[in-house]
Amino acid sequence: MGGIYFHIPFCRHKCLYCNFFSVANTSQTGRVVAAMRRELAERRKDWPDNDIRTVYFGGGTPSVLPADDIAAILEDVRSSFSTAQDMEVTLEANPDDVSAEKVRMWRAAGVNRVSLGVQSFDTATLAAIGRRHSGNDALRAVDMLHCGGFENITLDIIYGIPGRGDEILADDLHKALYSDVKHVSAYALTVEPGTALDVLIRRGKMSAPDDGDAARQFLLVKDTLETAGMEHYEISNFAFPGFRSRHNSAYWQGKPYLGIGPSAHSFDGKRERRWNTASAGGYVTGIGGGGGPWWESEELSEKDRHNEMIMTALRTCEGLPTDVFADRFGGDALSRLMKTAEKYIGYGTAEIKDGHLRLTRTGLFFADGIAADFFYTD
Ligand code: SF4
């Protein structure tokens, strides 16, 4: 059982904070989609026994593609793999790409979950982080998805944006809930080296995000969405019961996935990780048989697997199952883990519950830093 991730490396424009691999030029979509369909056909043989349970179109901005391309790719998946009856098919979309016609075609193609990059419903906030759409565009897009028959809609929200007070964030969250979406992914604004945001901050033209504001707003998001009945099932993800992302949950459980497209990563569910070149031109040429190597792979060491399990499990609300951890890495590793955990349990940022080591409400925001303290580093 596995999932397929398609990376669509195109955007209409580059947002100030973004460091995902994408190019702000949509003139080459046809060539890249053709190469992706070829990669899918060639790599089918690597996955002889896998039923496909989930498909995820991420990016970049998959909604910039003609809807016919999405339909053709999904037809390839169904004709080449054994697919689950209730396969989850997610498409990331930006509000300014959503139209009644595209919504109809996505549904007809088999898309049954849309992840909408709203980020905020406040137009001034959106402009400050370089988004193209307005708050009203976002509301209209959600309405069109509902009218077109989509029930499973998730919104992305960004918190910790300098100059945006708690009241604007609270209003964003209430609009999200009022829009009757089933899932929210909430991310702290981070400054990645080399992004336009990084340059503007270093030139003194924008303020840097404040860690204290981000930590406080994380709790505002958590409390608001949990009070509304959502489960906080992973540090950045909230869902009403029955609407967790099955695709991302499978990643966190270490299930196999096939990544297709420029910069896409794959994992065989055991030890091998593989990734494609982060160059649309290099990818197309490589698949066509010319140019240099277009993918690389590595075998995960015991240390990598140990650290990855801790990192992903501590970000989930269930936490790290100590019996599974001991089976996989041995009793000594478990003793070492529990020794380190004592410190965080003492601080009130971690706890043992139902056989799992998990982070508490105050510990979750610091999950990455706490997890690193448990890592093997030699
Ligand atoms: S739309 Fe998404 S992928 Fe594209 S530039 Fe903006 S944040 Fe990055």
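A search of the whole structure, which is a predicted model, finds 30 salt bridges. Three of these pairs are a handy place to start. Glu 75 bridges to Arg 78, with the closest N and O atoms 3.4 Å apart. The two residues are separated by about one helical turn, because they sit 3 residues apart in helix α2 (residues 67-80). Glu 75 is partly exposed, at a relative accessible area of 45%, and Arg 78 is likewise partly exposed, at 33%.

Helix α3 (residues 100-109) holds Glu 101 and Arg 104, 3 residues apart, or about one turn of the helix. Their salt bridge brings the closest N and O atoms to 2.9 Å. Relative accessibility is 42% for Glu 101, which is therefore partly exposed, and 48% for Arg 104, also partly exposed.

The salt bridge between Lys 182 and Asp 180 has its closest N and O atoms 3.5 Å apart. Here Lys 182 counts as buried, at 15% relative accessibility, whereas Asp 180 is partly exposed, at 42%. Elsewhere, salt bridges with shared partners link Glu 39, Arg 43, Lys 45 and Asp 46 into one network.

Beyond four places in sequence, the residues touched by Glu 39 include Gly 259, Arg 274, Tyr 283 and Trp 294.

Finally, the cysteines: the structure holds 0 disulfides. Cys 15 is buried at 14% relative accessibility, while Cys 317 is partly exposed at 22%.

How values were computed
Residues are numbered from 1 along each chain as its sequence is written. This is a predicted model: local features need pLDDT of at least 70, side-chain atom pairs count only at pLDDT 80 or more; totals for chains, interfaces and linings use all residues. Side-chain values use heavy atoms; hydrogens and water are left out. Contact means heavy atoms within 4.5 Å. A disulfide is a pair of cysteine sulfur atoms within 2.5 Å. Buried means under 20% relative accessible area, exposed over 50%, partly exposed in between (1.4 Å probe, protein chains only). A salt bridge is a side-chain nitrogen of Lys or Arg within 4 Å of a carboxyl oxygen of Asp or Glu. Helices (H or I, at least four residues) and strands (E, at least two) are DSSP runs, numbered from the N terminus.
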